[in-house]
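Visitor: I'm new to this one. Could you show me how to read a few of its features?

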Amino acid sequence: MIPFTYHTPTRYVFGPQAECRAGAELSALGLKNVLVVSGHGSARRSGVLGRVTDSLTEAGITWTELSGIDPNPTDPKVREGIRICREKNIDGLLAVGGGSVIDTAKAIAAGVPYQGDFWDFWAGKAVVGEALPVAVVLTIPAAGSEGSGNSVITLTDGMRKISLRTDVALRPKVAMLNPELTYTLPPEQTAAGIADMMAHILERYFSPTDDVEVTDRVSEGVLQAIIAEAPEVMADPCSYQARANIMWCGTLAHNGVCGTGRLEDWSSHAIEHEISALYNVAHGAGLAVVFPAYLTYVSRTKPAKIAQLGRRVFGVEEADDAKAAAITIERLKAFFASLGLPLTMAQLGVENPDIPLMVKHLHENKGTLLGNYLPLDSEATTEIYRLML
């Protein structure tokens, strides 16, 4: 285990009608005039947006709405939000939605006090020093952005999709989580969210750091919970307990606790970002295709940790590491398939992916070598993309 500092300033309000606490929670933060960020109308149609804004009004908080955030969010909406915040002297952001909405709110929050282009942070030209406070009403458990300091945005000029990571600056101050808000999610969205949260854990689990038994066991425990609850939530979308467990798993998967004391990897996410940037696929569905291919490549030289995952999480009994790793990958694929997730590029809806272009963009964005568990050069990432075919 390596030295670490772990700090999460996020206050979690979890349970039925949590969204109705928005006014009280934002008032406690001292906010008076907020920008409410949302997607393309589902939050309004379901009534959650109305309950949220009513609670703001009751608390004496004025608000302005910015809606229409796309999945795989892009920079134009961020720039629009920054302009609105400056014009209206906004003092905080409230995201009502899933990861794309939250990530957009975070990008706006970083960009408002900054004198340059907000993209400087994502391009590595500047570091976020200050930001407007962000609060969240979560409607889609998947990205874990309600508890992380991360934000993924795509620059439309060149379709560059990059994840910015901050320790504290962009972590939400408060996150309100009501599992009942997820009852009406389409099955494919629920499944993609499950794949996304599992990938967040695995990106930390596959680490070059030794002697991390505590975080290995934490990661394995959350993975086991996801695997146990996923069939229930798919079979009975209105099961409160199943939805509640899945929602909290999504937060624990990405609020940093699973990564304490270890180097994290994140190569699979970067590989997927090129797919969703070019082909606008659902991020979680893309990860269901990427991760088995990544593990297949890694198993050729480093099968032991994959074998450990199989023995502790997937019930693999094989003693030989290489054979156990192969069985583990097949069981992971079978689990994804049981949720209706794609396993190949064609099933993802990408019949003829431009692998050279994805590899080019990937290494331009992330450097010559990608990841920490098994550093990947362009030859390796090309092979991983081919394994997805």
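Guide: Let's go through the cores, a charged residue and some backbone angles. This is a predicted model, where local features need pLDDT of at least 70, side-chain atom pairs count only at pLDDT 80 or more, and totals for chains, interfaces and linings use all residues. Residues are numbered from 1 along each chain as its sequence is written, and side-chain values use heavy atoms, leaving out hydrogens and water.

Visitor: Which residues touch the most other members of the largest nonpolar core?

Guide: A nonpolar core is a set of buried Ala, Val, Leu, Ile, Met, Phe, Trp, Tyr and Cys residues joined through side-chain atoms within 4.5 Å. Buried means under 20% relative accessible area, exposed over 50%, partly exposed in between (1.4 Å probe, protein chains only). Here the largest core has 63 residues, and Ile194, Ile226, Ile271, Ile275, Tyr385 and Met388 touch the most other members. Apart from it lies another core of 37 residues, Trp122 and Leu177 among them.

Visitor: Where is Asp196 found?

Guide: Asp196 sits in helix α7 (residues 187-205); helices are DSSP runs of H or I, at least four residues, numbered from the N terminus. Asp196 is buried but has no salt bridge, meaning a side-chain nitrogen of Lys or Arg within 4 Å of a carboxyl oxygen of Asp or Glu. Lys161, the nearest side chain of opposite charge, is 8.8 Å away.

Visitor: What about phi?

Guide: Most residues other than glycine have a negative phi. Asn89 has a positive one, near 55°, and is exposed at 61% relative accessibility. Trp266 also has a positive phi, near 75°, but Trp266 is buried at 14%.

Technical notes: Helix = DSSP H or I, 4+ residues; strand = E, 2+ residues; numbered from the N terminus. Lys, Arg positive; Asp, Glu negative; His and termini not counted.
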